[in-house]
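Happy to walk through this one with you. Could we take it question by question?

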Amino acid sequence: MAQVQAPKYPETTELLTGNHAVSAAVKLARPGVIAAYPITPQTEIVEKLSVWCQTGELDAEFVAVESEHSALAAAMGISLAGCRSFTATASHGLLYMYELVWWASITRIPVAMAIVNRSLNPWNIWPAHEDSMSTRDCGWIQLYAKNNQEAFDNTLMQFKIGENHKVWLPSMNCMDGFILSHTTSQVSIPSQEVVNEYLGEFNPLVMFDKDNPFAHGSLTAAAQIIELRESMMQGLDNARKIWPSVCQQYRDLTGRWYGDFFEIHGDLDDAKIGVMALGTLGEEMEQSIEILNKKGIKTASIRPRVYRPFPRDEIIDILSKLETVVIIDRACSYGAGYYDKDRGGQLATEIKAALYDADLKLKVVPLVRGLGGMDINYVDIANWVEKYTQR
Amino acid sequence: MAKVKNVDLIQAPDVLLKGNFACAGCGLSIAYRSAVSAVPNPIVVIPACCASVIQSLHPNVTYNVPTMNIAFAAHAAMASGIVRAKKARGEKYTVMVWSGDGGTFDIGLATISGAAERNENIIYVCYDNGFYGNTGVQRSGSTPRGATTTTTPYGKNEKRKSITRIIAAHDVPYIATTSAGYPRDIHAKLKKAAEIEGFKFILIDAPCPTGQGFDPALSVELAKLAIKTGFFPMYEIENGVLKFNPISRSLKDPTKRLDLSEFLKTQKRFKNITSAHTELLKQDIQSEWDALLKLEG
């Protein structure tokens, strides 16, 4: 991704792991209180923040809760009491807080959470998207980062979009475990002034206030539940509308822009084939298309940055230019597909639904790859695209 | 502990409003009114329990204070987040958890333990009727031996958990037991707790006519019987040192207590209690007294 313009303020550059890049971004966002519980491969995010809270480098309290379920409960309490709130987890930690993941979105509490994607068990600590995909229905905003820089940038963007009063929803910033969390790369860090300008102070839509008592999360009858759910759907629609301005304002301040909903490489008008994947495979794809295009297999890579709200119209817009799309899911909905056919990868399934609605005749090649952290790279992707599209 | 008079209770803020969904004779409603009115600027976290239903149906709320309804095992962690954030904002509030025995003794125990170990500045109040009331009277860790519930139709075989001694093992600054039969005592203990920094735990015996099976008019009388038979001792543990309150201090001597049968015969849940269970229940009660005596200052 090229720098599209010079940053408005000077930035510093540090060599950071993905985890520490997120910590650095959270520090700049100035949360009031952080509540978190360790789990591989996220642990270093919260360790760093905990140290900074105690040295005073970050003026915030750190609540070392006794479980992930409690981490999200505390983070929700922090937000409703009037402070910007952050936590992080992965894999079974996310599953352990699952009921509260629903609670946070369906009762509109804008917690920001980092998810360092890790396979589900039997014990496996390596990257896959089963964890975040298992929460795709809850109504959280979901972003996927391709590298440490984007993991940093997405952290600031998630606070920005989640806290918009027309959205007011919690958000997940997903990044691949170990590939990003534990590898070091250059990260450009904007100044505190830039982040202050971008995010501003936490401005709660609702907050516990003795002069205005209310009950949050009361016993609610069907008609009112429907109102609440519809309001959440509207919030997610608003997130779709507002997201481009979140990205563009970030570009104005830092010079960095990946695309709003998608990062595209290759020539969409010339290509016949598209390849799609979330996260680091999305960055691998950038190399894959070079191999393919050299062979005369005209391919473009389309990396969704935002999975929720699902950018349905935008994807149709892009795919309408192509004849075939290869979609690589790093998770699947077990039982949704077949072992030897479409395996029911979530990204592929949702794209197929969008294509159907748009009446687009596109060949879809859905692949489920990289489960359990199986290492796959740009050569593999290029080989698959060739294999499945050139028969 | 400052003495609370009836006029103090009458003049205390009206925290539980009319139109609430409590059953007739609900011990919880006496407890809530006496407790939440005693502390300055409360924010009350309520997990799944009868209190979250008594609140009535959205958009009505019968609690006149900021209230957070949350999932069952999240209460103390949520309260921890609220209290730290209000502190960060420099705003003075009393953050409380208001939970039944189910969410305290059983499903929420881990999160209480975490908050206690961190010595979070919250008041955790458990109103205890000895079973899961909201789901229709199933046994909990608080159910006394021999009591009938829907999941213990022949009487519970296990001893009641001593939640106060579990919390005392966390070395928190203040633990107290009190009773819906003694609203002034509830009020005084909450007032005292609000002035202590750190984790406070208060267990309130809250008779439940619906689940325990007695005439709703007799809730207070039943609460008093629970004390006078020694079934429910009243005490405070301050910085690890236990002090019985006068009403229970005189009952250290088992011969001074009313016969347990006076208490058991009032409730349908003990109607068919076997003599074996009764004997074991008596031993449970005495062994709890013995353990408490060891903590006495």
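Predicted model: local features only at pLDDT ≥ 70, side-chain atom pairs only at ≥ 80, totals over all residues.

Me: Which residues of chain A lose the most area to chain B?
Reply: The buried area between chain A and chain B comes to about 2,900 Å². On the chain A side, three residues together make up 21% of what that side buries. They are F208(A), K210(A) and L219(A).

Me: What is the distance between the closest N and O atoms in the salt bridge of E61(A) with K87(B)?
Reply: Side chains of opposite charge can pair when their charged atoms come close. The rule finds three salt bridges across the interface of chain A and chain B. For E61(A) and K87(B), the cut-off between a side-chain nitrogen and a carboxyl oxygen is 4 Å. The closest N and O atoms of this pair are 3.1 Å apart.

Me: Which residue of chain B is the bridge partner of H216(A)?
Reply: Strands of a sheet pair through backbone hydrogen bonds, either parallel or antiparallel. Here strand 9 of chain A and strand 2 (residues 67-69) of chain B pair in the parallel sense, over two bridges. Within strand 2 of chain B, the partner of H216(A) is M68(B).

Me: Which strands are the edges of the five-stranded open sheet in chain A?
Reply: The order of this sheet is 10-12-11-14-15, with mixed pairing. Its neighbouring strands are turned by 20° against each other on average, direction ignored. An edge strand here pairs on one side only, and that holds for strand 10 (262-265) and strand 15 (363-368) of chain A.

Me: Which residue in strand 12 of chain A is the bridge partner of F262(A)?
Reply: Strand 10 and strand 12 (residues 299-304) of chain A run antiparallel and are joined by four bridges. The partner of F262(A) in strand 12 is P304(A).

Me: What angle does helix 13 of chain A make with strand 14 of chain A?
Reply: Helix 13 (residues 378-389) lies across strand 11, strand 12, strand 14 and strand 15 of chain A. Its angle to strand 14 of chain A is about 135°.

Me: Which residue in strand 3 of chain A stands opposite V33(A)?
Reply: Seven strands of chain A form an open sheet in the order 3-2-4-5-7-6-13, with mixed pairing. Strand 3 is an edge strand of that sheet, as is strand 13 (306-308). Four bridges join strand 2 (residues 33-36) to strand 3, and the two run parallel. Opposite V33(A) stands E61(A).

Me: How many residues apart are R84(A) and E163(A)?
Reply: These two form a salt bridge, with the closest N and O atoms 2.8 Å apart. R84(A) sits in the loop between helix 3 and strand 4 (85-89), and E163(A) in the loop between helix 7 (148-162) and strand 7 (171-176) of chain A. The pair links distant parts of the chain, 79 residues apart.

Me: What is omega for the cis peptide bond from R308(A) to P309(A)?
Reply: Most residues other than glycine have a negative phi, and most peptide bonds are trans. P309(A) is found in the loop between strand 13 and helix 11 (312-319) of chain A. The bond from R308(A) to P309(A) is cis, and its omega is near 0°.

Definitions and conventions. Residues numbered from 1 in each chain as written. Chains lettered and ligands numbered in written order. Heavy atoms only, no water. Buried area = accessible area lost by both parts, 1.4 Å probe. Pairing = 2+ DSSP bridges. Axes fitted to C-alpha atoms, helices over the stretch in contact; angles between N-to-C directions. Contact = heavy atoms within 4.5 Å.
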